Amino acid sequence: MKWISLLFILLIPASLFAQTLPQDIEAPDLQQLAAMASCMENIDQSRLQEYQQQSLALAAKLQALCASGKRDQAQQTVLEYHDKLENDPVLKAINTCMDMVENDSADGTDGDTSEPAGDAHICDEF
């Protein structure tokens with residue numbers, strides 16, 4: 001699910017991501033990452049921090065729900081959060097930046113790794 005991936009990407013500060021890149025990345029990959037980083041620079045950093053805080057709070061809530069066996073409530077919570085943010089222009093811009101890396105898949109697909117909502121459960125992601 002692409003939106004679950006986005007949720008967890010928002011949990012990682014961009015500076016930490018840049019510092020922990022493996023040293024054996026090939027040149028085309030570096031170019032894609034550089035293009036994505038350049039794209040992300042155009043996004044309002046205060047909004048990114050806001051999303052990061054929301055994502056941390058949501059992840060904690062989901063973990064607690066999953067740990068207490070409330071799988072249905074956890075799934076409903078993440079779906080409601082997704083619906084709330086689905087048309088957010090900042091998140092659309094982030095997805096556009098992420099697509100710069102994802103679209104260069106070796107199998108020729110368009111890079112969309114979304115799964116139908118019924119195939120995965122949020123509690124299985126933890």
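Here is a working chat about the contacts and links in this predicted model.

Q: Before we start, what does the model count?
A: It's predicted, so local features need pLDDT of at least 70 and side-chain atom pairs count only at pLDDT 80 or more, while totals for chains, interfaces and linings use all residues. Residues are numbered from 1 along each chain as its sequence is written, and side-chain values use heavy atoms, with hydrogens and water left out.

Q: OK, disulfides. How many are there?
A: The structure has two, a disulfide being a pair of cysteine sulfur atoms within 2.5 Å.

Q: Which cysteine does C39 pair with?
A: C97, with an S to S distance of 1.9 Å. That link is left-handed, at -75° about the S-S bond. C39 sits in helix α3 and C97 in helix α6, so the bond ties together parts 58 residues apart in sequence. Helices here are DSSP runs (H or I, at least four residues), numbered from the N terminus.

Q: Are those two cysteines buried or exposed?
A: C39 is buried at 16% relative accessible area, and C97 is buried at 0%. The cut-offs are under 20% for buried, over 50% for exposed and partly exposed in between, using a 1.4 Å probe and protein chains only.

Q: And what does C66 bond to?
A: C123, the sulfur atoms being 1.9 Å apart. This link is left-handed too, with -85° about the S-S bond. C66 is in helix α4 and C123 in the segment after α6, so parts 57 residues apart in sequence get tied together. Both cysteines are buried.

Q: What pattern do the disulfides follow?
A: 1-3, 2-4, counting bonded cysteines along the chain.

Q: Switching to charges: how many salt bridges turn up?
A: Two, from a search of the whole structure. The criterion is a side-chain nitrogen of Lys or Arg within 4 Å of a carboxyl oxygen of Asp or Glu.

Q: Which residue does D88 pair with?
A: R47, with the closest N and O atoms 3.1 Å apart. D88 is in the loop between α5 and α6 and R47 is in helix α4, 41 residues apart. D88 counts as buried at 14% relative accessibility, whereas R47 is partly exposed at 26%.

Q: Where's the R71 one?
A: R71 meets D124 at 3.3 Å, N to O. R71 belongs to helix α5 and D124 to the segment after α6, so the pair ties together parts 53 residues apart in sequence. R71 is partly exposed at 34%, and D124 is exposed at 53%.

Q: What else is R71 up to?
A: Its backbone oxygen lies 3.1 Å from a polar atom of the H121 side chain. H121 itself is buried, with 15% relative accessibility. Leaving out residues up to four places away in sequence, H121 touches R71, D72 and Q75, where contact means heavy atoms within 4.5 Å.

Q: Back to α4. What should its 23 residues span?
A: 33 Å at 1.5 Å a residue, and its end C-alpha atoms are 33 Å apart, which agrees. The expected span is 1.5 Å times one less than the number of residues.

Q: Which residues of α4 are buried?
A: Among them are L48, Y51, L58, L62 and C66.

Key. A polar contact is a pair of N or O atoms within 3.5 Å; within protein, one must be able to donate a hydrogen and the other to accept it, and residues adjacent in sequence count only if both atoms are side-chain atoms. Helices (H or I, at least four residues) and strands (E, at least two) are DSSP runs, numbered from the N terminus.
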